[in-house]
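Work through these exercises with the model open beside you. Each one has a task and a stepwise solution.

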Amino acid sequence: MNISYLKNRGGFTAVPAAVLFLFFILLLVVCPLRGQALQKKSLTASDYDSFGNFLFHKPSRNGNWVGFSMFYKNGKDTLYVKNTLKNKLYSFPLGTKPDFLGDNSFVYQDADRIHILDLQNGCKKTIANVTGYFSSPDSERLVVMTKSQLTKKQSISVFDQNGKILSTIENVTSMKMGPANKKILFSIADQNLSSIGVLELGQKTKTTWIHEKKPVNFKMLTWDKKERAVSFLTEPNSGTENKKLYYYILENKSLYVLDPKTKDNFPSQAVINESAEYAITISNDFQRVFFSISHKKENSFNSTEDAVSKVEIWKSSDTYIYPFMQKSLRFKKQNRLALWYPLTGKFSELTSDELSKVMLCGNEKYAVLSDPKKYEPQFEYDAPRDFYILNLLTGEKKLLLQNKKISPSEPLPISSPEGKYINYILNDSCWIYNTASKTYTNITRRIISQYLSLTNQKNSRNFILTPVGWTANDNKLVVYDNYDIWTISPENFTLKRLTRGREKQIQFRIYAPGKFSEIEKSYDGYRYKSINFSNPILLTAAGEDGRTGFFKWKKITGEIPLVYDSSYIDKLHTTDQGKVLFYQQQRFDKPPKIIFQKDKVTRTVFQSSPHQADYDWGSASLIQFQNENGIKMSALLYYPASYNPDKKYPMIVNIYEKQTQNLYKYSLPDLENEAGFNPVVLTSQGYFVLCPDIISEKQNEGPSALKYTISATKEIIARGLVKPDKIALMGHSFGGFEVCYIITQTKIFAAAVAGAAITNIKSYYHTVDWDTGRPTMNYFIHGQLKMIQPPSEIPEIYNLNSPIEFVKNITTPLLSYAGKEDNHVDWHQTVEFHMALRRLGKKNTMLLFPNEGHTITNPINQRDLTRKIIQWFGFYLKDETPEQWIDKN
């Protein structure tokens, strides 16, 4: 291990007050002379790379430091840690994986080195040849794995927050940190003999050996949730398939083993495997271990011929189409979930070829099984299923749900945290199944009258409840409506409203930082986590006027605002028992910054891209209005840089479903865009940019896009902001489809750009999504096009929505583009539209990018696409001289 010490010179301390005073006096003297000369600069492409992406990591536990990074196109990425009380800043070029160790130490990595920085004096310890590291905040320990360049062997070292080595373990082959970051399960190997043990990270490190000096390899090291038991596999050094499963209880040092060769009822043709799909899991009661097995299957194909044809055989009666079977390797070798009771030796298989999918309920006493293939072939994204519930204690299995639809609005059943209930959605109603009483309840029906009364509504037309979790001990179900958070008692069906978002026009949601923490994976399904309303709960808040922020909910007071403003606010962290807040704040015209807030007093800790203040910048506004039919509509309108209300400007309308949620989100000026669209670039070039919300209508996607887009465009024209004859339309993917359809129905747009567009819905219906292997038709019912029946049954509906059917009406010059490796929306759709336009003598230029998929990912091609779109609009909206590629090929 290579460890070095040095004094960090990256720190910056506060400037003396006297110097600041003199500087301020000088500014007062020179400002009258300079004031008239200070002009904001116009943003050009040469300036773009000076703006960097900002990432706020987190504050230290005591709130005295914050860590953040800036990322730049030139590769000069830098990690920073800054004192929140003093003007002290440390910078680390190319630093990654930052963390705080205690209150006064900072850890980060660059290349294969780990650095431990003493934030008080700037001293830094460096550890070389690092392959990975973990921190333990509670014990203030750092665990580092290094690899010797000479012997190629790995070792684990434990450091305290001052960089002192507390323990070292040599010849490490694998390690697994426990969920509480207090213990490590590790294995070592020396002279073909391996051992496995547990390292405890307390004030004094302690090693407990579990299995020592065996001629095996240790694999799939696994902890239980409370760091009280471990499980792992062993495989003989000889490499045979005879893997064994072990289980060890730390408290009484009991070790149990499952050997397939000696286990009576273990299938003779089965082996324990290392499937990540069915990873080892230890039950919460420490009585059971779940793991994966696979059955050996002989190759059913025998041929005596020297050469074998590689022809693909597709049958219309096949359960799945050929490419989906190719993509889904699980159909070649089916893993099964098995259950072992170490204390009694009992073993059983849970899944089978007939019921191949499984979800464990919260207490692991029940399993929900299903077969995704039974109702195939069918023509939705997911087939309906029969669900069975299996009592793992008694072995009793019964039908839970038959022919249950699976869709985005009716997902898989989900278990409550303690396993007392199973939630599911059926025909837009929320249901629960009581696993003890074996009863079903339609929750929606039971509480609908209460809900209407509590919200002062007269009808249930827009009544949708979304389950999101349960309170402790499965006492109450937690649900969302459009605005608020509610709880429902599963015993007496009492409905309780926790927030008052409807009256305030604010949508409240439980804050889950870093990940969606309200549910957790349970093999092929999910289960909810408990939500503790006994303690204060942090809520996100999103207003219909675009404001965002955070509230704190308490049982006595309800929701109380912490920060709520006309900006985009996220990444909230709290310290000092919630009294101090750190969060990120941004606007379209204000780069992200870190805010420190205490007692409702705020100050900026760090401002990214401060030089933006030197440039003219556009602004964003939420436009709300009623169309000619009295329908309420919303749109996002970006104003051009240096906007002059006495002028009229050209405008670009960008469309794709709903976009007003981006009102306050900051965008970097950049030519490297996957779809060629960047609002900062366009507004800096003197364009208004309009992004209307489009509300989809089932089997009427083309006409609905036309209605909302034209209404929003006419609203802006009526406000006298834009030149009516200098308006363009652009969109990508589904937005590209909307563009192609709209320009067949109106002449209001002077130019258009459509990327990766669906242009012929009938032919698109019969294609394959080669990325997933699924038939494209399986996306139609619950996807964006929302077509219930095939083209053969409702040809008039498909014709009504297909741009290709109205191509003769187009007068708008169209720039279309696609990637020639687009397997999601078949790129031949773009070619087909181009050929139709070519045949009719319409103005169309098509760009086909080799080696690109649904979006353009190669930076060279991204820049080329963005520049060409700018040049296209410059010619048609600003009367600029056309580039050669526009004028002639």
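**Exercise 1. In which strand is the place of T96?**

The model is predicted: local features need pLDDT of at least 70, side-chain atom pairs count only at pLDDT 80 or more, and totals for chains, interfaces and linings use all residues. Residues are numbered from 1 along each chain as its sequence is written, and side-chain values use heavy atoms, with hydrogens and water left out.

Step 1. T96 belongs to strand β6 (residues 96-101). Helices (H or I, at least four residues) and strands (E, at least two) are DSSP runs, numbered from the N terminus.

Step 2. Check accessibility. T96 has a relative accessible area of 37%, so T96 is partly exposed. Buried means under 20%, exposed over 50%, and partly exposed in between (1.4 Å probe, protein chains only).

Step 3. List the neighbours. T96 touches L79, Y108 and Q109, leaving out residues up to four places away in sequence. Contact means heavy atoms within 4.5 Å.

Step 4. R497 is 401 residues from T96 along the chain, and their C-alpha atoms are 44 Å apart.

**Exercise 2. Is Q612 buried or exposed?**

Step 1. Locate the residue. Q612 sits in the loop between β48 (601-607) and β49.

Step 2. Apply the cut-off. Q612 has 5% relative accessibility, so Q612 counts as buried.

Step 3. Find its contacts. Beyond four places in sequence, Q612 touches F51, D589, K590, P591, W617 and Y666.

Step 4. Pick out the polar contact. The side chains of Q612 and Y666 make one at 2.7 Å. Such a contact is a pair of N or O atoms within 3.5 Å; within protein, one must be able to donate a hydrogen and the other to accept it, and residues adjacent in sequence count only if both atoms are side-chain atoms.

**Exercise 3. Trace the open sheet of 8 strands.**

Step 1. Write the order: β49-β50-β52-β51-β53-β54-β57-β58, with mixed pairing. Two strands pair if DSSP finds at least two bridges between them.

Step 2. Zoom in on one pair. β51 (residues 649-654) and β53 (residues 722-732) run parallel, joined by 5 bridges. M651 has I727 of β53 as its bridge partner.

Step 3. Place the helices. α7 lies across β53 and β54 (751-755), at about 135 degrees to β53. Helix α10 (residues 828-839) touches β57 (814-819) and β58, and its direction makes about 155 degrees with that of β58. Axes are lines fitted to C-alpha atoms, for helices over the stretch in contact, and angles run from 0 to 180 degrees between N-to-C directions.

**Exercise 4. At what angle do helix α6 and helix α7 pack?**

Step 1. Read the geometry. α6 (residues 701-718) and α7 (residues 734-742) pack at about 80 degrees, with axes 9 Å apart.

Step 2. Classify. The two are therefore roughly perpendicular, a class that covers 65 to 115 degrees; under 35 is roughly parallel, over 145 roughly antiparallel, and the rest oblique.

Step 3. Name the contact residues. α6 gives E701, G702, P703, A705, L706 and T709, while α7 gives F734, F737, E738, Y741 and I742.
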